[in-house]
Structure formats: C-alpha cells, structure tokens
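These are my notebook entries on a few elements of secondary structure. I set down what I looked up, entry by entry.

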Amino acid sequence: MNIEKILAQVPDYESFYTVDELARHSLALATAYPGAVKTYSIGASRKGEPILCMELGRGAKNAVCFACPHPNEPIGAMTVLTLARILAGDPPLLAELDTTWYLIPCIDPDATRLNEGWFKGPFNIENYARGFYRPAGCEQVEWTFPIDYNNRHFNDPIPETRALMALIEKTRPRFVFSLHNSAFGGAYWYISKNIPELNPLLENAARRQDIALHLGEAEASYSEKYSGAVFSMLSMKRQFDAIDAKDGTPSERKALSCGTCSGDFIESVCDCLTMMAELPYFSDPKIADTSPSDMTRAEAIRQKNAVKAELFGFLGEQFDRVSALFGADNPFPRLVRDCIGYFRSTQNDVLPAGPEYERAATVAEKFDNLIVSIKFDILNIALTLRACDMELARGERFSESELKALREARAACDERVSSMCRELEANTDYSVIEIRRLVSVQLESALHAIRFC
C-alpha cells in the first residue's frame, strides 16, 4: 500500500459540505461506480431524514466508519467521502485491504444542519463559535448507547444511534472508526487496544501533514496514555469504575440522563478495534511543546478553575434570567443547561494532588489548561446567544419586559463572545489547518488501523 500515492488523491477542499451536498456526493458515487458502491439508507433521523451509508468491497472483514458523531465535527464527513472515492476508483487497493466497508458520511443530519452557518467560512475562531451547535448528551449519537453497569442504567438511544447499533450488530465489524474532531489544539487518538506498532503510525500521520500532536492534558482522567497522543478508548464503564473506587457504587439502581459511547457498545457485540481520531481546525505549536513552563501543573489547573468559575458565573447569570423564556423546541440552550449544572455540581471537588501535579507544567499542559480548555466556555456563551436570537425572532410571544430581558442577555453574550475571541486571537499564534491535511490524517489513520484487525 503506497500511502503517499493514496494521499496525493485527497482534494484540496475549500469548505465543508452541507448535509444536502453530502447526500448528493454519496448518491453520485453509486451512480459513477455501480459495480463498486452501493448507497442506501440504514435508518432515519428524528426529523425523518435518511441516514445514508455507502457499502464498498467484498472483503473477509467488515469495517464501519461513521462521521458527524457530534454535528460540529464535519472533518470526518469529508474523510468518509474521500475514502469511498479512492477505494471505488482503485479496485486493487480495495482487494488488498480485504475489507467490506460501510461508510456513513453523516450519522446526525438534523443537528449537523444547525452547524452549516460556519461550514463555508470564513474560518476563524469567532465565526466558528457563532455558528456552533451541539446537542445535549441525551441527544448525541456518540453518548446515547445503552448501558447497564454498576447500578447505573440507560436504554433510550435516539433513532440515529439505533440505526448505527443495528448496522454494527448486523455486520459485527472488526474495525469501527468514529470520526471525531476537536476545535483547537492538536491531533490525538482514542483506541480500544494498545497496539505498539500502530501508535507511531498514527502520530506520524499527523506529522506528515505538519499538524501538531496534542501533548497537553488527557481529556478523561481515567484514560491510559499508550503513546504521546494515543489514549485508551473513552468508556463510561471505566469512568464509573474510577468514581466507584473513590465514592463507592450507588446502593440503588440509578437511571442515567444519557448513555455510553460507541466503544462500550461495540465491546459488548464483537471483538473489534475501535478508534476515534480527534483533529483540530485551529492549532498552535505550543500544544506540542514539552519544555517546562513557568508554573506547576497544579497552579495551571487552579488558574484554569478560577477562570472557569468566573465564566460560569457570568454564563449562569445570563442564562438564569432568560431560561424560562426558551421554548421547548429551542435546541440551543439544552447543552448549556447541562454544562452549567455539571459545573455547579463539581466546582467544589477536591483538586488532584501528588508529585505529578507539583512538577513544572510543560508549555503544552499550561497552554491546554489556560487556553484550550476555555474554548468550550465560549461555545456555551455563543449557544445562549443563538437561543436568545431564536426567541427574539418570534417576539410576539413575549411581554415587553421579557423582550427586554432577552435583548439584554443577548447583548451581554454577544459582547462576551467577541471579547473572548479577541483575547484568544491576541494570546495564541494559531493557524487554520487546511481541510485536505485534516482529511489526510484521518484517512491514513484508517488505512493503518485496518491492517491490525
């Protein structure tokens, strides 16, 4: 397999495809390669939109790749279409891989449509924040898989998740690629098995595209680091194990508001290599700088927590004054409500301690704590802004005092988004990564991983 030759076929995409464009390209591939590509629906979204899947190859092992598991993450959609186009046009490569591919360019079309405002650019932090949408956990494909573990229970997957579950149960894949991406930082991977030969291949895929590795803090404290930027798979089971080791298992059966991720579910179905590849739109070389900084790791975490406390104080104040005015059909405040509740429930948690926190933080760890970690706080404020806009657009529902509250909350959030984005622009040396390079990393990651299945 000639990786360089394959990557040379990745188009120089200027923007991300909309949901309609993804559907058109998926159907067009089946028309252009009738003997190689079958495109069909594996189910329907909550609003009745077909969830399209492209099937290629007749190999001995099955692989499922699904994009937009979070609807603000469209890099994988471009990767899936690129992989389908390359495989369809290269029968020898398809045969060499000995795989039947099931490629889903958009597993959550309804929510992805609510991000399309930034898909065509301009690509900068503020435009991304103002066009961002992400549903609450109970409405996310990646986090509504069933779980029944240690007296905790969830079994209410959304239709999109049920469609994916049915495909996985039917195909019993040897490889599943959940195509995620972050917004700011560096490249990193989650993987269900530690394969020492694979880890450097994944990291070198990012280096080949001159994309920094994420060498800051682990996203999940229970994740094991297999390599510099390769971590053990996310898992609610492992998270509950970590919680129960500290607090004890709940004595009574507890219903969860959301479920587990694809990795836990797949583990219960078949022996499978599961992988997530997180790629950023915006990157700063400091995220890969492992030299010591001017503060300890504990100081960096404490300073991060202080910044978050102030931000959530502001967000909570604005949200609380208008949240009763948000209609049940307004999608934008749902994740914000969850995030505020989670912060308030954990803000008094004891900070981690030990020698590993008293050492000097690396530049990457300091940057991750003080810069990268606050990106989601900007997005929560921007979601509140969008929630206010939706209600103001149907203002006849409200009294003058209610309209005044919505306008004031909107203005406060609008100014805070702008000021935070200006601060990020001033305090980072970030660059916008070309879509072609991001797709190339995910594409190469998939081609390396399938060899170990």
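I worked on a predicted model. I looked up how helix α7 (residues 159–171) and helix α10 (residues 262–269) pack, and I found an angle of about 30° with their axes 10 Å apart. I therefore recorded α7 as roughly parallel to α10, because angles under 35 degrees count as such. I then listed the residues that make the contact: Met165, Ile168 and Glu169 on the α7 side, and Phe265, Ile266 and Val269 on the α10 side. I noted the crossing of α7 and α10 as right-handed.

I turned to strand β3 (residues 61–67) and asked how many of its residues are buried.

I next looked up the pairing of β3. Strand β4 (residues 99–104) runs parallel to β3 and is joined to it by six bridges; there, I found threonine 100 as the bridge partner of asparagine 62. Strand β7 (residues 175–179) also runs parallel to β3, with five bridges between the two; in β7, leucine 179 is the bridge partner of alanine 67.

I looked up α15 (residues 375–392), which has 18 residues. I found that α15 reaches 26 Å from its first C-alpha to its last, close to the 26 Å expected at 1.5 Å a residue. I recorded α15 as mostly covered, with 13 of its 18 residues buried.

Technical notes. Residues are numbered from 1 along each chain as its sequence is written. This is a predicted model: local features need pLDDT of at least 70, side-chain atom pairs count only at pLDDT 80 or more; totals for chains, interfaces and linings use all residues. Side-chain values use heavy atoms; hydrogens and water are left out. Helices (H or I, at least four residues) and strands (E, at least two) are DSSP runs, numbered from the N terminus. The expected span of a helix is 1.5 Å times one less than its number of residues. Buried means under 20% relative accessible area, exposed over 50%, partly exposed in between (1.4 Å probe, protein chains only). Two strands pair if DSSP finds at least two bridges between them. Axes are lines fitted to C-alpha atoms, for helices over the stretch in contact, and angles run from 0 to 180 degrees between N-to-C directions. Angles under 35 degrees count as roughly parallel, over 145 as roughly antiparallel, 65 to 115 as roughly perpendicular and the rest as oblique. A crossing is left-handed if the near helix is turned anticlockwise from the far one by less than a right angle, and right-handed if clockwise. Contact means heavy atoms within 4.5 Å.
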